[in-house]
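Me: I would like to go through a model and check each label against the rule behind it. Please give the value, the cut-off and the conclusion.

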Amino acid sequence: MNRQSTQSTRLVRSLLMLGILGVLFAIPGYSQDSPAKAGKVERIKVHGKGLEGNLAGDSPDRDVSVYLPPSYQTDKKRRYPVIYFLHGFTDSDDKWYGFTKHWINLPAVVDKTLADGKSGEFIIVTPNAYNRYFGSMYSNSVTIGNWEDFVADELVAYVDKNYRTIPQAASRGLAGHSMGGYGTIRIGQKHPEIFSSLYLLSPCCMMPNVPNEQMAPRMEAVKTVADLEKADFGTKAMFASAASWSPNPTKAPFYLDLPVHEGQPQPMVTAKWTANAPLATLDQYINNIKQLHALAFDAGSKDATIAGTNKVLDAMLTNYSIPHTYEEYDGDHINRIGERIEQKMLPFFTKNLSTEMVKGGKKK
């Protein structure tokens, strides 16, 4: 072969190699610069029959944010496990899902976790529980409507009907932050036939939060809706708790009984609040909790009150020999929640929620 032929052959080989490399780097997964696939967020309205006629006057048609995983739009035959995620007091679904700028963006956290290979794909559903009292406590009350039933029954039924879910308890998880963590254990301990796995992020209100001497005058100073709007966070929380746990249909304009009246403690109201505290009711629901497939909860060490009640929950579950996971980490009430969702909550549900129909609806 002459020199010119040899050079021509080498040129052809070089061009072929460049072509092959070009094809490889054009394929997703080979290029380091190829963007990660993102899920899709929908914001829908779901009507709550049990929310109709609430004395607060809040609409029974609730905004609900729904995260659909990246493959949902392309894999039309695939069905998915669902995480029902409950937001905290004064928060709303639009803040958590990026519609309103906030300290967290849940879809962005989920997309990152998927891209890093730390999580399976889930549908994630969050109802807007922000109401006249800045939060529903996910409880049943004539004043705010039946929020507990809305989450456990009506919302789950709607999502199963309108999305490609795996409609069984083994494929449903319930989670939440702060007030949402409270709602998770409140609802989850009553409904193991609906939710099989629970994750509580910094759950509040595990014990009744009875006002101290400094707070009582501020509560009683609230006479109008405008007063409540201007009140401090703690006072608002007291009114939300009262609307949820000590409603009074004859006491306008707020339709509730506070734990203090004219400076005097109200033992009956305190008893009602205690009856809605998960640590006080745990013993009554222990057989339900034993039916759960998995249970985990955490709190930041600087979130002292909540970390303290988490330790009590940990001890009670241990006393009943119920498997669970509890972690206390270096953080406060919100500063590491995104990280906890990424590193702990989503891997927890990846491990514990079934991606297939399970006989009898329970994961063994």
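This is a predicted model: local features need pLDDT of at least 70, side-chain atom pairs count only at pLDDT 80 or more; totals for chains, interfaces and linings use all residues.

Reply: Residues are numbered from 1 along each chain as its sequence is written, and side-chain values use heavy atoms, with hydrogens and water left out.

Me: Why is Lys118 called partly exposed?

Reply: Its relative accessible area is 36%. Buried means under 20%, exposed over 50%, and partly exposed in between (1.4 Å probe, protein chains only). Lys118 is therefore partly exposed. Lys118 sits in the loop between α3 and β4; helices (H or I, at least four residues) and strands (E, at least two) are DSSP runs, numbered from the N terminus.

Me: What makes the approach of Lys118 to Glu342 a polar contact?

Reply: The two side chains come to 3.2 Å. The rule asks for a pair of N or O atoms within 3.5 Å; within protein, one must be able to donate a hydrogen and the other to accept it, and residues adjacent in sequence count only if both atoms are side-chain atoms. The C-alpha atoms of Lys118 and Gln343 are separated by 7.5 Å, although these residues are 225 apart along the chain.

Me: Why does Arg172 count as buried?

Reply: Arg172 has 7% relative accessibility, so it counts as buried. This residue belongs to strand β7, and a polar atom of the Arg172 side chain lies 3.0 Å from the backbone oxygen of Ile194. Leaving aside neighbours within four places in sequence, Arg172 is in contact with residues including Tyr84, Asp160, Phe195 and Leu353, where contact means heavy atoms within 4.5 Å.

Me: How do you know that β7 and β8 are joined?

Reply: Two strands pair if DSSP finds at least two bridges between them. Here 5 bridges join β7 (residues 172-177) to β8 (residues 197-201), and the two run parallel. Gly173 stands opposite Ser197 in β8. Helix α5 (residues 179-188) packs on the sheet, touching β3, β7 and β8, and makes about 145° with the direction of β7; axes are lines fitted to C-alpha atoms, for helices over the stretch in contact, and angles run from 0 to 180 degrees between N-to-C directions.

Me: What makes β1 and β12 edge strands?

Reply: The open sheet has 8 strands in the order β1-β2-β4-β3-β7-β8-β11-β12, with mixed pairing. Each of β1 (40-47) and β12 (325-329) pairs on one side only.

Me: Why is the pair of Phe348 and Phe349 called edge-to-face?

Reply: Rings of Phe, Tyr and Trp (its six-membered ring) pair if their centres lie within 6.5 Å; planes under 30 degrees apart count as stacked, over 60 as edge-to-face and the rest as tilted. Phe348 and Phe349 have ring centres 5.0 Å apart and planes at 70°, so the pair is edge-to-face. Phe348 is buried at 12% relative accessible area, and Phe349 is buried at 0%.

Me: What makes the pair of Phe85 and Trp96 tilted?

Reply: The planes of Phe85 and Trp96 are 45° apart, with 4.9 Å centre to centre, and the pair is tilted. Phe85 lies in β3 and Trp96 in helix α2 (residues 93-96), so the pair ties together parts 11 residues apart in sequence. Phe85, Trp96 and Trp103 form one aromatic cluster.
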